[in-house]
Amino acid sequence: MRSKQILLLFISLSFANCAVKQIRIAPNFESSLDRFKRLTVAIDSSSKVDKVEAALVKSMAEQELAHHKEFIVYPDPSSKNQNCKSPVGKSQGVLTLKLEENLNGTTPSFLVWLSPATFGPSSNGIKISIQAQIQKCDTKEILWEGNASYSYFMGGDEEATLRTSYENKFGKSVGPKVLPYYDILKSLLDRIASPVLNEAEQDEKIEVEAG
């Protein structure tokens with residue numbers, strides 16, 4: 001009986017231990033991708049992170065959407081297009097990210113290891129929460145939204161190339177946070193369906209990315 005209780009505990013923890021907490025998709029989102037292919041990325045101004053972390057996550061999100069989801073991502077360096085207030089170029093919508101991080105907490109490390117989606121951060125860790133939504137600017141409709149939260153230990157040397165790449169762009173201070181932010185953001189954005197670009201749209205994408 002006790003072994004069954006322990007097994008049920010581990011099963012329940014495995015389901016509860018996902019970084020992605022909730023995804024909501026409008027019924028017409030995937031069908032709209034025949035036409036809805038151009039986005040900007042904005043960091044919500046109420047985010048509880050410093051400017052360098054906001055810039056780091058914004059850059060990561062633009063890379064993920066452009067290179068792994070095939071959206072045409074128009075640059076919006078100042079995040080002016082929050083809530084579709086200021087569409088850029090031919091952009092049709094905006095992915096807005098609201099960020100929160102907590103550093104160097106008091107949670108015992110074994111609890112963070114046991115359930116990083118619930119507990120944390122530890123004394124040498126970080127807990128990151130992201131609320132994301134894609135809004136279509138002509139109708140102001142929310143097509144997709146998701147929430148994610150997870151705790152990470154910092155200080156490892158995993159993915160050294162990724163870390164170095166972002167350190168060169170944003171400074172050494174972001175180094176320990178690169179992998180945690182990348183991991184949670186990717187787990188969330190992986191849940192977004194991807195458009196398919198025709199030849200003309202592929203040329204547009206190349207032109208936009210060339211600046």
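**Entry 1: helix α7**

I started with α7, residues 199-210. This helix has 12 residues and reaches 17 Å from its first C-alpha to its last, close to the 16 Å expected at 1.5 Å a residue. I note here that the model is predicted.

Next I looked up both ends. Asn-198 caps the N-terminal end of α7. A side-chain oxygen of Asn-198 lies 3.1 Å from the backbone nitrogen of Ala-200. After α7 comes Gly-211, with a positive phi near 85°.

Which residues of α7 are buried? I found Glu-201, Glu-204, Lys-205 and Val-208. They sit on the same side of α7, because they cover an arc of only 100° around the axis. An α-helix has 3.6 residues a turn, so residues three or four places apart point the same way. I then checked the other side of α7, where Glu-199, Ile-206, Glu-207 and Ala-210 are exposed.

What do the buried residues of α7 pack against? I get three elements: β2 (38-43), α3 (51-67) and β3 (72-73).

**Entry 2: cysteines**

I searched for disulfides and found 1 in the structure. Cys-84 and Cys-137 form it, with their sulfur atoms 2.1 Å apart. The link of Cys-84 and Cys-137 is left-handed, with -80° about the S-S bond.

I placed both partners. Cys-84 lies in the loop between β3 and β4 (93-103), and Cys-137 in the loop between β5 (125-136) and β6 (141-153), so the pair ties together parts that are 53 residues apart in sequence.

Are these cysteines buried or exposed? Cys-84 counts as buried, because its relative accessibility is 6%. Cys-137 is buried as well, with a relative accessible area of 9%. I also looked up Cys-18, which counts as partly exposed at 40% relative accessibility.

**Entry 3: Ser-122**

I moved to the loop between α4 (109-114) and β5, where Ser-122 is found. Ser-122 has 1% relative accessibility, so I log it as buried. Its side chain has a polar contact of 2.9 Å with the side chain of Asn-124. I then set aside neighbours within four places in sequence. Ser-122 is in contact with Asn-104, Gly-105, Thr-107, Ser-109, Val-112 and Phe-153.

**Entry 4: the largest nonpolar core**

This core holds 44 residues. Which of them touch the most other members? Leu-95 and Leu-97 do. I listed the elements that each supply at least two residues of this core: β2, α3, β4, β5, β6, α5 (160-170) and α6 (175-189). The largest share, 7 residues, comes from α3.

**Entry 5: Glu-101**

I stayed on β4 for Glu-101, which is found in that strand. Is Glu-101 buried or exposed? Glu-101 counts as buried, because its relative accessibility is 13%, and the cut-off for buried is under 20%.

What does its side chain meet? I found a polar contact of 2.8 Å with the side chain of Lys-177. A second polar contact, of 2.6 Å, goes to the side chain of Tyr-181.

Key. Residues numbered from 1 in each chain as written. Predicted model: local features only at pLDDT ≥ 70, side-chain atom pairs only at ≥ 80, totals over all residues. Heavy atoms only, no water. Helix = DSSP H or I, 4+ residues; strand = E, 2+ residues; numbered from the N terminus. Expected span 1.5 Å × (residues − 1). Buried < 20%, exposed > 50% of the residue type's maximum accessible area, 1.4 Å probe, protein only. Arc of directions from axis to C-beta. Contact = heavy atoms within 4.5 Å. Polar contact = N/O pair within 3.5 Å; in protein donor to acceptor, adjacent residues only side chain to side chain. Disulfide = S-S within 2.5 Å. Core = buried A, V, L, I, M, F, W, Y, C linked by side-chain atoms within 4.5 Å.
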